[in-house]
Amino acid sequence: MIEIDGLTKRYGDKTAVDGLSFVVEPGVVTGFLGPNGAGKSTTMRMIAGLDRPDSGTVRVNGKHYPRAPAPMAELGILLDARSVHPGLSARANLLALARTAGISRRRVDEVIDLAGLAEVAGTRAGGFSLGMGQRLGVAAALLGQPQTVVLDEPVNGLDPDGVRWIRLLLKSLAAEGRTVLVSSHLMSEMAQTATQLIVLGRGKLITEASVTDFTDRAAGTGVLVRTPEPVRLGQLLAAPGITVINDGTDLLRVSGTTAEQIGAAAWRAHLPLYELTPTHASLEEAFMQVTQDSIEYHAGATR
Amino acid sequence: MSAITRPGLAPAQGIPAPAPMAPATVAGPVTQVRVVRAEWTKLRALRSTRWSALSAIVLIVGVGALVAGSGTPYRFSASNTAAVGISTALLGVLFAQLVVGMVGVLAFSGEYGTGMIRATLAVVPARLPVLWAKVIVLAGLVLPVTLLCAFLDYFVAAAIESSRGGSAFSLSDPGVLRTVVGSALYLTVVVVIGLALGALFRKTAAGLSVFAAVFFVIPIIVASLPHKITGFALYLPTNAGGALWGDPQTTAHALSPWTGFAVLCGYAVVLTALAAWQLRRRDA
């Protein structure tokens with residue numbers, strides 16, 4: 001479990017994380033979302049005790065991590081930036097970390113196999129591709145069989161096989177009762193992997209919700225209705241909490257009610273319906289909607 | 001949930017199967033001894049360590065052989081004692097100290113430069129054990145290697161001198177053993193100073209520049225200044241440390257050998273303390 005309370009971090013006059021509070025529960029995969037510069041990586045660094053918060057607290061499995069007696073049993077972390085020595089082999093990199101907690105060579109070889117690095121374990125990590133480097137970083141995070149696993153962009157640079165490996169790995173870690181916090185910009189991947197979401201924007205918490213609730217609340221979740229009488233049907237459906245959008249064609253986009261209720265209402269008013277389709281916002285659409293105001297770096301022309 | 005059966009996450013044998021929500025782990029507590037082992041694992045696996053050790057041997061013994069084999073054969077006199085002769089043969093220490101300092105600086109700056117420091121400090125979040133471990137491992141490597149170099153240098157130089165008809169050196173001559181062992185002690189403290197500079201500056205270029213300035217450039221500049229204003233010169237790290245192994249450049253106006261060495265150790269202690277304070281305080 002990760003408990004974050006009132007966490008604030010400033011770099012100079014820029015506030016990277018601003019009064020952030022949330023809890024990551026064990027047993028499920030929690031997705032950590034936010035545009036670039038939202039403070040995800042900074043938060044993860046503070047979880048690992050690498051950056052010191054200006055105020056607020058982080059507890060990992062109920063403990064103050066920097067004072068945990070057996071840190072590798074508590075937390076395994078993959079950071080966004082590379083954190084391996086290019087002059088050391090993959091095995092030597094892992095062994096150096098393992099030694100600090102008395103972890104056996106056998107366990108080092110286990111994670112090497114698990115990460116699919118057996119063939120390159122003896123070669124210097126400096127020559128690794130981005131994907132190989134990620135695999136090494138994930139292997140390092142798993143070394144101590146930690147109760148809590150924090151991975152920043154683990155699928156970055158991985159091939160499809162690697163992406164699938166990460167997805168299954170995260171789910172199995174959660175199924176074992178571990179706490180799993182993972183960030184990614186790949187929304188489709190996140191939608192397949194995560195159960196819970198924490199969404200940041202400009203260093204602040206935007207939403208803490210399950211993936212289902214999060215997408216249900218987004219615009220785009222509703223019902224698509226095609227009728228020759230769009231104006232009359234629109235008037236008929238109008239009620240507080242129900243939005244009807246008509247773009248001048250025979251299509252209506254209705255949200256705030258169900259397909260069943262629309263169909264029944266149209267039948268009672270003898271209005272013909274040609275189409276009645278429930279639609280769901282994708283995680284990506286939902287994400288774009290909630291983070292629109294907090295995007296730090298706009299892509300100029302597109303917006 | 002039953003016992004974990006996935007191969008990658010299986011608990012080590014002998015560790016009981018995990019209770020739900022409290023998975024077993026293979027990771028034990030961090031101890032200073034374990035962190036020392038971890039740092040030794042890194043140091044011995046790096047190619048630069050082997051090259052540095054090799055170049056230290058070549059610089060010290062090679063330069064010593066050149067010095068002994070050139071000029072007129074060394075003959076003992078009131079001013080040309082056996083100790084002075086040996087410290088002259090140890091001239092290579094002045095070059096080897098750059099290699100040793102670089103090894104020290106890189107031990108930290110190399111980790112900051114590559115990003116490995118984040119992995120290192122994430123698994124040892126108390127941080128200070130990493131600094132102590134690096135001090136122990138580097139000093140534990142440099143002392144035996146430089147002792148070997150210094151004694152090799154002594155025997156090679158003594159053999160060359162006697163073959164050329166110079167005086168016969170003996171380790172029991174006054175100050176000779178102190179000079180030979182002192183050169184190794186000097187380089188051992190130098191590696192700690194380099195390490196502290198690497199931790200303080202974090203960047204290899206900055207750490208090395210400061211090290212080279214203090215140990216190479218400043219002594220040369222000070223030596224060329226009028227004597228009236230260079231009263232502090234004997235407290236410079238090179239000169240204070242040189243008092244122990246009788247660096248020929250400083251024998252004229254120097255602290256007593258062990259006072260000088262104590263001053264050098266003082267620099268190392270102060271710099272290491274600063275490095276420790278900063279390592280605790282700053283973001284990694």
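**Helix angles, contacts and cores**

Me: Why are α4(B) and α5(B) called roughly perpendicular to each other?

Reply: In this predicted model, helix α4 (residues 93-114) of chain B and helix α5 (residues 116-123) of chain B pack at about 105°. Angles of 65 to 115 degrees count as roughly perpendicular, under 35 as roughly parallel, over 145 as roughly antiparallel, and the rest as oblique, so α4(B) and α5(B) get the perpendicular label. Their axes, lines fitted to C-alpha atoms over the stretch in contact, with angles from 0 to 180 degrees between N-to-C directions, are 5 Å apart. Helices here are DSSP runs (H or I, at least four residues), as are strands (E, at least two), numbered from the N terminus.

Me: What makes the contact of α4(B) with α5(B)?

Reply: Glu111(B), Tyr112(B) and Thr114(B) of α4(B) meet Met116(B), Ile117(B) and Thr120(B) of α5(B); a contact needs C-beta atoms, placed from the backbone, within 7 Å. By class there are three nonpolar, two polar and one charged residues. Nonpolar covers Ala, Val, Leu, Ile, Met, Phe, Trp, Tyr, Cys and Pro, charged covers Asp, Glu, Lys and Arg, and the others, Gly among them, are polar.

Me: How do you know that α3(A) and α1(B) are roughly antiparallel?

Reply: Helix α3 (residues 90-99) of chain A and helix α1 (residues 32-45) of chain B pack at about 165°, with axes 7 Å apart. That angle is past the antiparallel cut-off, and the pair is therefore roughly antiparallel. Ala92(A), Leu95(A), Ala96(A) and Arg99(A) are the α3(A) residues that meet α1(B), where the partners include Arg34(B), Thr41(B) and Ala45(B).

Me: What makes up the contact between the two chains?

Reply: Chain A gives 48 residues and chain B gives 39 residues. On chain A, α2 (71-74), α3, α4 (105-114) and α5 (130-142) each supply at least two residues, and the largest share, five residues, comes from α3(A). The chain A side has 27 nonpolar, 13 polar and eight charged residues.

Me: Which residues of α4(A) are called buried?

Reply: They are Arg107(A), Val108(A), Glu110(A), Val111(A) and Ile112(A). Over chain A, buried residues make up 48% of the 303 residues.

Me: Which members of the largest nonpolar core touch the most others?

Reply: Leu94(A), Ala139(A), Leu143(A), Ile60(B), Ile86(B) and Leu138(B) do, in a core of 164 residues. A nonpolar core is a set of buried Ala, Val, Leu, Ile, Met, Phe, Trp, Tyr and Cys residues joined through C-beta atoms within 7 Å. Helix α7 (residues 176-201) of chain B gives the most to this core, with 17 residues. Another core, of nine residues, lies apart, with Leu233(A) and Val244(A) among them. Not counting residues up to four places away in sequence, Leu94(A) touches Val108(A), Val111(A), Ile112(A), Ala139(A), Ala140(A) and Leu143(A).

Me: How are the names set, and which pLDDT limits apply?

Reply: Residues are numbered from 1 along each chain as its sequence is written, with chains lettered from A and ligands numbered from 1 in the order in which they are written. Local features need pLDDT of at least 70 and side-chain atom pairs count only at pLDDT 80 or more, while totals for chains, interfaces and linings use all residues.

Notes: Buried ≥ 20, exposed ≤ 12 C-beta atoms within 10 Å, placed from the backbone.
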